[in-house]
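Subject: Handing over the structure, with notes

Dear colleague,

I am passing this structure on to you, and I would be grateful if you could look through it with the notes that follow. They begin with one term and then go from element to element.

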Amino acid sequence: MSYDLILRGTAVLPDGPVENAWIGITADKIAAIGTGDAPSAAAVHDCGEDLIFPGIIDGQTHACSYGGLPGIRSTTRSAIAGGVTTIVDMPYDNPAPLNDIARLTDKVTAIQQHAHAHVALYGTILPGQSPEEVAPLIDGGVVAFKISTFESSPTRFPRIASDQIFGIFNALAETPLPLGVHNEDQEIVRAYIAAAKAAGHNGIEAHSASRPPAAELAATAQFLELGASAGAHAHIVHLTTARGFQLVDNYLADGFRATGELCVHYLWFDPDRDGQELGARMKVNPPIRPGQIDALWEEILSGRVAFVSSDHSSWPIDNKFTDSIFDAGAGVPGLETLLPAFYTAADERGLDAASLTAEQLCERPAKFFGLWPQKGAIRIGADADLAVVSLTPQTWNAQTAHDELRWSPFDGRRFNITVSRTYLSGQLAFDGKAVLNQPGDGRYVRRGPSHWFE
């Protein structure tokens, strides 16, 4: 049998890396996998010693939080350059969040016009909306829902009260869709920020203390209990301490649907070590905690971390130039650094970086968001979304990024790998230097039947 394309290299399969492997692609699907001599094909690319991963799935991005729906273009262009073939985008778009069918339709249209990568979508519910309004969004293909216990904006990113959270959980209880939460207690955070300001503390070293772990854990525990009471899937979209993942695991052990997610910057940075250099460039919410990196790796290795994401934010650097850390915007770019940063951090610890990367950045998010088995693994019948990685070290230069932001807390950091190629739906989309595909080549990805707890 002849194929449209054969890729040769070390394929990172579900059971681990296989050297001298070949992958046969026909149209936009993986049609065959083998080792040794490959069959004929219209085109063959020998990746040499490069690793061939499934396309990375970034389970938490904010493409439209600054530039509105057209921000999908820049964000997904950066994704493709980072080996990320599918992003799961949060609903807090500018100027209005994705909370009804009209806004879902608008965002899907924007994906069709602008996306270089595939895009799956979170939905949300605003204060005063009926929980029953989740049903049309589910029918429209959203993969999950997200709300917040802390108000960053009264219109775009509002706080949802506990009674409404419970109602949303009840509306989702008979579905496989998770309800995610930005998990910070508003009263604690606002009181501690006020105290820090009054004391004249305004640097990055005050950020974590002003949003203490107690605020994060209190919001997490209440959310988990509401989800358990409703029998729904409660998901914490960013946990910063081992204690948070252990709270989630307690609910899971009791038979409830509960998961917790980790973002890659929590595995790289420490305010005690990096704060003086980076300042607001490392400000995210919940904050990066001092002394947590080793403990968080233990959570990954224990299996208590559902998956790792970037929490990519499209804020420009000007948003960070403030006199006080409390006025600086929260969030960092991360689509082009997710894959090399996670792989490098695992590799530097002497772990099986290739297998861990495929598990945490591909298979687990695919299963979580209902994209499995079409995405998340190199397997026959899966979509031909692939990331080819060279074992060539690089020093990350944010000025060369493809997202128009041109800044990153990872700027100047050394990575052990370099993304050398990205294939989207069987077509070369990135050649290691330039993004080759066009806006609109990415597709809107609806949730399929698979789910985390099946």
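Contact here means that heavy atoms lie within 4.5 Å of each other. Please keep in mind throughout that this is a predicted model.

An open sheet is formed by 7 strands, which follow one another in the order E3-E2-E1-E4-E15-E18-E19, and the pairing within it is mixed. Strand E3 (29-35) and E19 stand at the edges with a single partner strand each, so one side of each is left without a neighbour in the sheet. On average, and with direction ignored, neighbouring strands of this sheet are turned by 35 degrees against each other.

Going through the pairings, strand E2 (residues 16-26) is joined to E3 in the antiparallel sense over 6 bridges, and Thr 26 has Lys 29 in E3 as its bridge partner. Helix H12 packs on the sheet, where it touches E1, E2 and E4, and its direction makes about 100 degrees with that of E4. Strand E1 (residues 3-13) pairs with strand E4 (residues 41-54) in the parallel sense, over 7 bridges, and here Tyr 3 has Ala 41 in E4 as its bridge partner. On pairing with strand E15 (residues 386-390), E4 takes the antiparallel sense over 4 bridges; Phe 53 stands opposite Ala 387 of E15, and Leu 51 has Val 389 in E15 as its bridge partner. E15 is in turn joined by 5 bridges to strand E18 (residues 418-424), and these two strands run antiparallel, with Ala 387 standing opposite Thr 422 in E18.

Is E15 enclosed or open to the outside? Because 5 of the 5 residues of E15 are buried, the strand is largely enclosed by the rest of the structure. Leu 386, Val 388 and Ser 390 point one way from E15, while Ala 387 and Val 389 point the other way, and all are buried.

Ser 390, which lies in strand E15, deserves a separate look. Its relative accessible area is 12%, and since buried means under 20%, Ser 390 counts as buried. The side chain of Ser 390 makes a polar contact, at 2.6 Å, with the side chain of Thr 392. Once neighbours within four places in sequence are left aside, Ser 390 is in contact with Asp 50, Asn 416, Ile 417, Thr 418 and Ser 420.

A further point concerns two helices, H11 (residues 338-348) and H12 (residues 353-368), which pack at an angle of about 135 degrees with their axes 9 Å apart. H11 and H12 are therefore oblique to each other, and H11 passes H12 in a right-handed crossing. From H11, the residues Leu 338, Leu 339, Phe 342, Tyr 343, Ala 346 and Asp 347 take part, and they meet Ala 353, Ala 354, Leu 356, Thr 357, Gln 360 and Leu 361 of H12.

Two single residues remain. His 116 has its place in the loop between helix H2 (101-114) and strand E7 (118-123), and with a relative accessible area of 4% His 116 is buried. Leaving aside neighbours within four places in sequence, the residues in contact with His 116 include Arg 73, Thr 76, Arg 77 and Ile 80, as well as Leu 424, Val 435, Asn 437, Gln 438, Pro 439 and Gly 442.

Glu 454, by contrast, lies in the segment after strand E19 (427-430), and at 62% relative accessibility Glu 454 counts as exposed. Between Glu 454 and Met 1 there are 36 Å in space, C-alpha to C-alpha, and the two are 453 residues apart in sequence.

With kind regards

Note on methods: Residues numbered from 1 in each chain as written. Predicted model: local features only at pLDDT ≥ 70, side-chain atom pairs only at ≥ 80, totals over all residues. Heavy atoms only, no water. Pairing = 2+ DSSP bridges. Buried < 20%, exposed > 50% of the residue type's maximum accessible area, 1.4 Å probe, protein only. Polar contact = N/O pair within 3.5 Å; in protein donor to acceptor, adjacent residues only side chain to side chain. Axes fitted to C-alpha atoms, helices over the stretch in contact; angles between N-to-C directions. Parallel < 35°, antiparallel > 145°, perpendicular 65-115°, else oblique. Left-handed = near helix turned anticlockwise from the far one by under 90°.
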